[in-house]
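Take a look at the model below.

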Amino acid sequence: MASPTFSDRIERIPPSGIRDVFEAAGDDAIDMGIGQPDFPTPNHAREAAVEAIRAGRADSYTPNRGLESLREAIVAKHERDQGVSVDVDDVIATAGGSEGLHLAMEAHVDAGDEVIVPDPGFVSYAALTKLAGADPVPVELRDDLTLDPAAVEDAITEDTAAFVINSPANPTGAVAPREDVAEFARIAREHDVLCISDEVYEYTVFDGDHHSPMEFDTGGNLVVVHSVSKLYSMTGWRLGWVTATSDRIDRMLRIHQYAQACASAPSQFAAEAALTGDQSVVDEMTATFKRRRDVLLDGLAEIGIDCPTPRGAFYAMPKVPDGFVDECIERGLIIVPGDAFGDGGAGHARLSYATDEATIRDALDVMADAHDAVTE
Ligand SMILES: Cc1ncc(COP(=O)(O)O)c(C=O)c1O
């Protein structure tokens, strides 16, 4: 019997290393591994979906790009937050930021190309680059875990198709300062390479402001990837969007048409309500994350673990001694080894504080014991 053959492309990508950690830690483990906000989806978003379902408005395909009313809400969001005006047809509603990243890669990257990715960085960047047949080029971060535009510029070769930026960042919590974002825009424009800007954590910034390359002149070499997953605690709804120039949208839409047809209709109604409704939920979530961050940082400092201050998202990425992550997992605390996010993450751990303060304090007790055990 012929053995099944798999594409060369699929054999290039390993399964995500993050899942292994959850399995190793057991069922009643303390969880600082998960990357989703622990808040309910705002009620008005849920209700909008329920109403649409009840009224039979969510039964059919929507336009491929997504409901016009949702895209208008996205246009208004970019006007409000980025101060830029976007055409309603230059947006595609996607199945989360994950699909947006996939569309951006598939539409712009060929076999043999290079894509510059932050290292450590979100696991999808290197994997989707490989799936497109291209090679990820990891760029190490600065000591404060921000991505250095000069390092990105140095890594550009004649094969570079794109570079990925992500602020606020997973797994580091780093937020790119305005001058760096302006530099990334200049690099995209001057080197004529695509900047893929992953802004799914936009609203979770504690100190300073979020900046997008949309605010600067990229010469059109920009795809912004967005999602309601982390903005409004809606990971399960699988709804995001991409924003780009018409020619790029046209190419991404071809993939989206064949692979997806359209994003889930009920989720589109929910996302529209989240974007247009009361935004105070966002402030409440951000204030809560900031309090938790401070509890975590104080606790880590007491233990003697050095951690650059994360200014956004809900992750911290301290340097940890050898054996620390395994010791924590054995003691029932789920944290993710830094090298799950690239070689540049070695010697670090990613701690997610999308969990309540009591859990963070319990986790700190475990970390203190684990630290003693490996440094004795
Ligand atoms: C940096 C980053 N980008 C994109 C995503 C994808 O999120 P979603 O597909 O839920 O929008 C995640 C999810 O963890 C992420 O951390």
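How do the residues of the lining of the largest pocket divide into nonpolar, polar and charged? They comprise 21 nonpolar, 16 polar and nine charged residues. Here Ala, Val, Leu, Ile, Met, Phe, Trp, Tyr, Cys and Pro count as nonpolar, Asp, Glu, Lys and Arg as charged, and the others, Gly among them, as polar.

A word on the basis. This is a predicted model, in which local features need pLDDT of at least 70, side-chain atom pairs count only at pLDDT 80 or more, and totals for chains, interfaces and linings use all residues. Residues are numbered from 1 along each chain as its sequence is written, and side-chain values use heavy atoms, with hydrogens and water left out.

Start with the pocket. It holds about 1200 Å³ of space. A pocket is an open set of points on a 1 Å grid over the protein atoms alone, where a 1.4 Å probe fits, with protein on both sides within 12 Å along at least five of seven lines; lining residues have an atom within 4 Å of a point. The volume is the space filled by probe spheres set on the points, which are joined across faces, edges and corners. Of the 46 lining residues, S16, I18, F122, V123 and S124 are the closest to the centre. Helix 6 gives the most to the lining, with six residues. Helices are DSSP runs of H or I with at least four residues, strands runs of E with at least two, numbered from the N terminus. Domain 1 (10-41 + 280-375) and domain 2 (43-276) both give residues to the lining, so the pocket lies between them. These bounds come from an automatic or database domain assignment.

Now the rings. The structure holds nine aromatic pairs. Rings of Phe, Tyr and Trp (its six-membered ring) pair if their centres lie within 6.5 Å; planes under 30 degrees apart are stacked, over 60 edge-to-face, and the rest tilted. Y201 and F314 pair edge-to-face, at 5.4 Å centre to centre and 80 degrees between the planes. Y201 sits in the loop between strands 6 and 7, and F314 in the loop between helix 12 and strand 9, so this pair ties together parts 113 residues apart in sequence. Y201 is buried at 3% relative accessibility, and F314 is buried at 0%. Buried means under 20% relative accessible area, exposed over 50%, and partly exposed in between (1.4 Å probe, protein chains only).

Ring pairs link F39, Y201, F289, F314, Y315 and Y353 into a cluster.
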